[in-house]
Amino acid sequence: MAMNYYILAVFILIAFYKDVRYSKIPNWLTVSGVFSGIGYFFIVDGFPGFFFSALGAVVSTAILLLLYLFKGVGAGDVKLFAAIGAITGMEFSLYSMMYSILFAGLIAMLLLLYRRKFVKRMVYICYTFIVSIFSKDKEMKTELNQTEIVRFPFMYAVFPGVIATVYLFY
């Protein structure tokens with residue numbers, strides 16, 4: 001196993017701890033992750049390694065930035081995947097994103113089912129949506145926008161997503 005995967009393991013464990021404990025991924029961690037990845041690949045492969053790592057960081061940032069703009073993830077998660085992209089490269093980072101999003105969907109579904117409000121919420125949302133289409137009542141439309149959203153630290157999904165990617169890459 002290459003050294004960058006050991007760097008990734010330490011990075012992910014620290015990020016997981018910080019996000020779960022403090023609900024924040026510190027900038028010092030993500031910046032050091034990006035510089036560690038770029039520095040590692042530059043030392044190992046020179047300028048091609050530098051570009052490999054930088055491309056991983058840029059592509060990961062661009063994709064997660066879109067999710068951030070739609071309020072799907074936080075800014076710390078964008079920076080987290082920039083570091084993952086720098087440490088592992090674009091392909092690994094994209095697979096990690098894909099698996100993390102799949103795990104996030106699974107976790108959200110489990111939380112909804114656990115809370116047992118899932119069916120009631122779905123019926124209410126469907127009813128409110130249909131009524132709001134035919135109604136000119138603005139209160140109904142704002143009420144639809146304020147329905148409860150299931151939130152949890154994205155690291156709960158990133159951690160197994162990265163592990164799944166490592167497992168499938170090797």
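Is Ala86 buried or exposed? Ala86 has 0% relative accessibility, so it counts as buried; buried means under 20% relative accessible area, exposed over 50%, and partly exposed in between, with a 1.4 Å probe and protein chains only.

Before going on, a word on the source. This is a predicted model, in which local features need pLDDT of at least 70, side-chain atom pairs count only at pLDDT 80 or more, and totals for chains, interfaces and linings use all residues. Residues are numbered from 1 along each chain as its sequence is written, and side-chain values use heavy atoms, with hydrogens and water left out.

Confidence comes next. The average pLDDT, the predictor's confidence in each residue from 0 to 100, is 86 for the protein, and 87% of the residues score at least 70. Helix 2 (residues 27-45) has the highest confidence, at 96, and helix 7 (residues 138-145) the lowest, at a mean of 50. Where pLDDT is low, the predicted coordinates should not be read in detail.

Now the overall layout. The protein has eight helices and zero strands. Here helices are DSSP runs of H or I with at least four residues, strands are runs of E with at least two, and both are numbered from the N terminus. Of the 170 residues, 36% count as buried. Among contacts between residues at least 6 apart in sequence, 70% join residues at least 24 apart; contact means heavy atoms within 4.5 Å.

Back to Ala86, which is found in helix 4. Beyond its neighbours within four places in sequence, Ala86 is in contact with Gly33, Val34, Gly37, Ile38, Phe41, Ser53, Gly56 and Ala57. Its C-alpha atom is separated by 7.7 Å from that of Phe35, 51 residues apart along the chain. Not counting residues up to four places away in sequence, Ser53 touches Gly37, Ile38, Phe41, Gly85 and Ala86.

Next, the core. The largest nonpolar core has 23 residues, and Leu8, Phe11, Ile12, Leu80, Ile84 and Val158 touch the most other members. A nonpolar core is a set of buried Ala, Val, Leu, Ile, Met, Phe, Trp, Tyr and Cys residues joined through side-chain atoms within 4.5 Å. Two or more residues come from each of helix 1 (3-22), helix 4 (75-88), helix 5 (90-115) and helix 8 (155-169). Helix 4 gives the most, with six residues. Leaving out residues up to four places away in sequence, Leu8 touches Ile84, Ile87, Thr88, Phe92 and Val162.

Which residues of helix 1 are buried? They are Asn4, Tyr5, Leu8, Phe11, Ile12, Ala15 and Asp19. Seen down the axis of helix 1, these buried residues fall within an arc of 115 degrees, taken from the directions from the helix axis to the C-beta atoms, so they line one face of the helix. On the other side, Leu13 and Arg21 are exposed.

Last, two loop residues. Ser23 lies in the loop between helix 1 and helix 2, and its phi is positive, near 55 degrees. Lys71 is found in the loop between helix 3 and helix 4, with a positive phi near 60 degrees. Most residues other than glycine have a negative phi. Ser23 counts as exposed at 59% relative accessibility, and Lys71 counts as exposed at 66%.
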